[in-house]
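Have the structure open as you read.

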Amino acid sequence: MQVHISPSMRRITISTTNGFLDFTKVKGAARHLSYRRIFSTILILACLFPFLFILTAVVTLEGVNICSSLDCLGRRLGPRLLGNRDASLRTTEEIYQLLMQANNEALPEGLTVPESFSGLIADMRANPYEAKTFALKMKAMQMEHKARAAKLQEYLYRHFASSGVPKGMHCLSLRLAYEYSSNVQARRQLPSPELVPRLTDNLYNHFVVATDNVLAASVVVSSTVRNSVKPEKIVFHIITDRKTYAAMHAWFALHSFRSATIEVKGVHQFDWLTKDNVPVLEAMETHLEIRRYYHGDHAIGANLNDSPNILAAKLQARSPKYISIMNHLRIYLPELFPNLQKVVFLDDDVVVQRDLSPLWDIDLQGKVNGAVETCRSSNPWVRSKSFRSYLNFSHPLVASNFNANQCAWAYGMNVFDLQAWRRTNIKDIYHYWLKENLNSKLTLWRLGTLPPALIAFNGHVHPIDPSWHMLGLGYQSKSNQDSLQTAAVIHYNGQAKPWLDIAFPKLKPFWTKYVDYSDEFITNCNIMES
């Protein structure tokens, strides 16, 4: 069979082998492109090219650091156009599966956890390990961070709870203030006129308490008197602020504390205690930076990497009470009591458990301050407290003047020889360093009022037996029970004060047993033992 096609493609002739001829006419169009087809083609390309351009740009940007040639770009673009999966996606899925596996597994014992992501990178560089170990370390770091954040939140809540005044104690102050204004017996002279000479008689044992907490002051006085061998030899000088004076006076005027002599005075009643004599403390109360530090966001000063006891101490040190003149009064004892020779200063968060009269027999060997040192204690909350614990030795002014390893001592129960004190310039040194810390924007120390006292009394401290003063009951409840029973004075320093709801249940009874919960004022204000 033969096929013949005419040049015009209009006729096709087919001949077979048997001699017959078949003629077929085929009609075809001329070979030319119409305008309609050209327009359709351009329209399709116009829609396709932007899509290809955008896809190419995305792939290029994703691989700009590792893809610098058209060949590389083709290898990256090809799988997407052909529907294949990118290798990076496969890697991402593998990482996801690895993390899910680590999330479902328990952490192995002894796994070291870096403190930060940079620490993790350094650890990987120094000790290469497999991907599963990496995933487990990431999980451990996340859990550690959550635990530290929760611990910080707990301490912040405790800090705010400790800074407030319980409703019952606020009620007590208001009721007593009203009693002072309406009841002449509540305004009677303290002490009675025949006992006034005792206030300056050095044959008596003089105690000083500075506080605006009526119930706390009552516990200090009551525990001291009840455990004293000779309560008639006790004289208490209670100093309070103007707003609490009426309530404080009324309480001690209406309640008997055996044969002890009690004086209540407000800071406004001391002629010497004026702004002219304490200009630095006045500046502390009004200084904007100080107020921002003590009344601002306390979470800023916290560090998740701090140990719990350091964190608690830092937050406690930001209590607003530290800018109150009430907390600095002890530095003015020689001027406030010019006729006295020796006094014992007690904080309002202590409980006295033994007779304290032997403190007056301690020979301070010419020193001013008899105190318990805190660098040799077995209590983990007060152990190794040196100057380094309170002062910022990264500051050149501190580093050049003090020894970082020098032993610190405790406030809260101190025997002060006022005669020896008057021969020193302790008060001037105290004022000087307060001013320096102000000028340095609180960079010399940030831990309350003890640091300037450590500086001012440097060289004037005589260590006394640790059994006289046990600290840390406001930080944690795991105190040594033997020491707790035998200590002369137990100190609830820390946030968990015994009159607060956040107090430790095991330690609170040592304080509450000196509160008469059947008292009319306490009952009416719903102050309960637990």
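Start with Lys-342, which is buried (under 20% relative accessible area) yet has no salt bridge. A salt bridge here takes a side-chain nitrogen of Lys or Arg within 4 Å of a carboxyl oxygen of Asp or Glu, and the nearest side chain of opposite charge, Asp-417, sits 5.6 Å away. Bear in mind that this is a predicted model, where local features need pLDDT of at least 70, side-chain atom pairs count only at pLDDT 80 or more, and totals for chains, interfaces and linings use all residues. Side-chain values use heavy atoms, leaving out hydrogens and water, and residues are numbered from 1 along each chain as its sequence is written.

What lies 3.4 Å from a polar atom of the Lys-342 side chain? One answer is the backbone oxygen of Trp-360; the backbone oxygen of Ile-362 is also at 3.4 Å from a polar atom of that side chain.

Now zoom out to the strand. Lys-342 belongs to β7, residues 342-346 (strands are DSSP runs of E, at least two residues, numbered from the N terminus). Five of the five residues of β7 are buried, so the strand is largely enclosed by the rest of the structure. Lys-342, Val-344 and Leu-346 cover one side, with Val-343 and Phe-345 on the other.

As for neighbours, β7 runs antiparallel to β10 (residues 413-417), joined by five bridges; pairing requires at least two DSSP bridges. Asp-417 turns up again here, as the bridge partner of Lys-342 in β10. Strand β4 (residues 205-210) pairs with β7 in the parallel sense over two bridges, and Val-208 has Phe-345 as its bridge partner in β7.

Terms used:
Helices (H or I, at least four residues) and strands (E, at least two) are DSSP runs, numbered from the N terminus. Buried means under 20% relative accessible area, exposed over 50%, partly exposed in between (1.4 Å probe, protein chains only). Lys and Arg count as positive and Asp and Glu as negative; His and the chain ends are not counted. A polar contact is a pair of N or O atoms within 3.5 Å; within protein, one must be able to donate a hydrogen and the other to accept it, and residues adjacent in sequence count only if both atoms are side-chain atoms.
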